[in-house]
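Dear colleague,

Please find below the structure that I am handing over to you. My findings follow it.

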Amino acid sequence: MFIMSEDSQRTQGRDAQSSNIMAGKAVAESVRTTLGPRGMDKMLVDSSGEVVITNDGATILEEMDIEHPAAQMIVEVADSQEEEVGDGTTTAAVIAGNLLGEAEDLIEQDVHATTIVEGYHEASEIALEAIAEQVQEAEVDDDVLTQVAESSMTGKGTGGLTAESLAETVVEAVRHVEGDEKVARDNITVHTQIGASSNATELVPGIIVDEDPAHDAMPAEVEDASIAVLDVELGVRTGDVDAEYAIDSIDQLNAAIDAEESEVRGYAETIAESGADVVFTSDDVDDRISSFLANEGVLVFENLSNNDAGKIASATGARRVGALDDLEEDDFGAADRVGAENYGDDDLAFIEGGAAADAVTVFVRGGTEHVVDELERAIGDALDVAATALESGEVVPGAGATEIAIADTVRQEAAGIEGRKQLAVTAFADALDVVPRTLAANTGQDPIDALVDLRSAHESEGRAGLITSGEDVTIDDPFEYGVVDPADVKREAIESATEAATMIVRIDDVIAAE
Ligand code: ADP
Ligand code: MG
């Protein structure tokens, strides 16, 4: 008897488990070589030939277009990591893959999936407590924030720029939008512009939009700007229907033209008299109006996207105005400077200082598209970790030291756990070793030797990570080298990896419709 369509496919029991586990492991494996400061980049080419070169776990997994449902769950681990804390995506995916690998071994030894799931959950609780033990006591100040930002960018394609100088820009940006409790991360934008060396990357106290003035004769710069943001078509009103007028004398034609002229002039005068010296509008501006306003020294940008208009309004404190009759000084926003600048083929409008300076923009420069794109991702991660660390005030040692310490605690606690669940708890600790092992492998070291050395250094010295500094790779206390990660990045990685791995392990029946 068929209860499903004959074309649907069903895999059950061990087969289902092992195929899901294999798929999940394969995905994690695919990003392994990118982990850490000596991680390699990947070049991804999509079906239309578009090329992305990156070291970022979440970006790689997103671009890979993965279809297998279990594999997709590992991609989601990276996604949620990116979403929640902005960094540690490779770490999370790699841990998830190893939790699956360890689970596979346990299943082969006839440990039931439910036992594995329980053991993993228990181990992850222990791990989270162990993370708390690792938190650095010193206050998270600018130096620590710079270290966090720098650690997250080390080894990324920063186009020749040192991670250090970029880290300072990142910390400045985060401090700029810091509130009493939260960091207004959304008020930081990263704007990329190719055509200069990445050294020219700078922090702009305000926002940047891709726009050029509506008229060539307009001033390229306005200081102490009163800014109007309009959603009004500035031109002769055109009806929705095409109307034709029969004109049979020159006088009538002149009258029609005069009427139009005076309507247009009316708009221009209203704006000029309102006192606004910079206008951003989401709609068209008639050339005659532009030319009139140019004469009056008003700088106008037309056809803004709704998004940009909104951004400018909220940054400068302007109220968007939908009808010219309503335009009042109260509606104006303010900025110390609005400037129209030209970069090669691109025109940019800078809205800086004054009220606009509640928002900041990291203006990223670089020689090529690929450089600025990867720089943008690296800076995005660094902004996220610096914001996360500033908000929570908690950082832990990087370079594998935290994972070594957690694994050690989990192993010790495992001894007190009864039954086969103990095996799962120990397996969880073994899975965490993947981080230091991979950091070692990616620096060309023997992963087993490195793991052994790290464990004994942890035993005797306390904190021990595999630190890359310049050309050297040493085992030492990461705090001494400023290699730190936000505690929340580690927590999130453990939680999301555990969640995905246990979910995959629990599945023993896959039914796929045709
Ligand atoms: P992820 O996507 O997980 O953030 P990364 O490629 O950014 O992957 O690597 C992050 C790992 O690299 C973290 O474990 C971090 O502690 C480690 N790391 C950062 N800087 C150094 C360093 N100088 N030496 C060794 N490890 C480092
Ligand atoms: Mg990272």
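The lining of the largest pocket comprises 16 nonpolar, 23 polar and eleven charged residues. Please note that the model is a predicted one. The volume of this largest pocket is about 950 Å³. Its lining counts 50 residues, of which G36, P37, S151, S152 and T154 are the closest to the centre. At least two lining residues each come from α4 (89–108), α6, α7, α11 (369–392), α14, β15 (465–469), β17 (484–486) and α17 (487–506). The most is given by α6, with five residues.

Helices α6 (residues 142–153) and α7 (residues 163–176) also pack against each other: their axes come within 8 Å and cross at roughly 125°. The two helices are therefore oblique to each other, and their crossing is right-handed. On the α6 side the contact involves D142, L145, T146, A149, E150 and M153, which meet A163, E164, L166, A167, E168, V170, V171 and R175 of α7. By class, this contact has eight nonpolar, one polar and five charged residues.

A second pair is formed by α13 (residues 421–432) and α14 (residues 434–442), which pack at an angle of about 25° with axes 5 Å apart. Because angles under 35 degrees count as roughly parallel, α13 is roughly parallel to α14. D430, A431 and L432 of α13 make the contact with V434, V435, P436 and R437 of α14. Five of the residues in this contact are nonpolar and two are charged, with no polar ones.

Yours sincerely

Note on methods. Residues are numbered from 1 along each chain as its sequence is written. Chains are lettered from A and ligands numbered from 1 in the order in which they are written. This is a predicted model: local features need pLDDT of at least 70, side-chain atom pairs count only at pLDDT 80 or more; totals for chains, interfaces and linings use all residues. Side-chain values use heavy atoms; hydrogens and water are left out. Axes are lines fitted to C-alpha atoms, for helices over the stretch in contact, and angles run from 0 to 180 degrees between N-to-C directions. Helices (H or I, at least four residues) and strands (E, at least two) are DSSP runs, numbered from the N terminus. Angles under 35 degrees count as roughly parallel, over 145 as roughly antiparallel, 65 to 115 as roughly perpendicular and the rest as oblique. Contact means heavy atoms within 4.5 Å. Ala, Val, Leu, Ile, Met, Phe, Trp, Tyr, Cys and Pro count as nonpolar, Asp, Glu, Lys and Arg as charged, and the others, Gly among them, as polar. A crossing is left-handed if the near helix is turned anticlockwise from the far one by less than a right angle, and right-handed if clockwise. On a 1 Å grid over the protein atoms alone, a cavity is a set of points where a 1.4 Å probe fits but cannot get out, and a pocket is an open set with protein on both sides within 12 Å along at least five of seven lines; lining residues have an atom within 4 Å of a point. Grid points are joined across faces, edges and corners, and a volume is the space filled by probe spheres set on the points.
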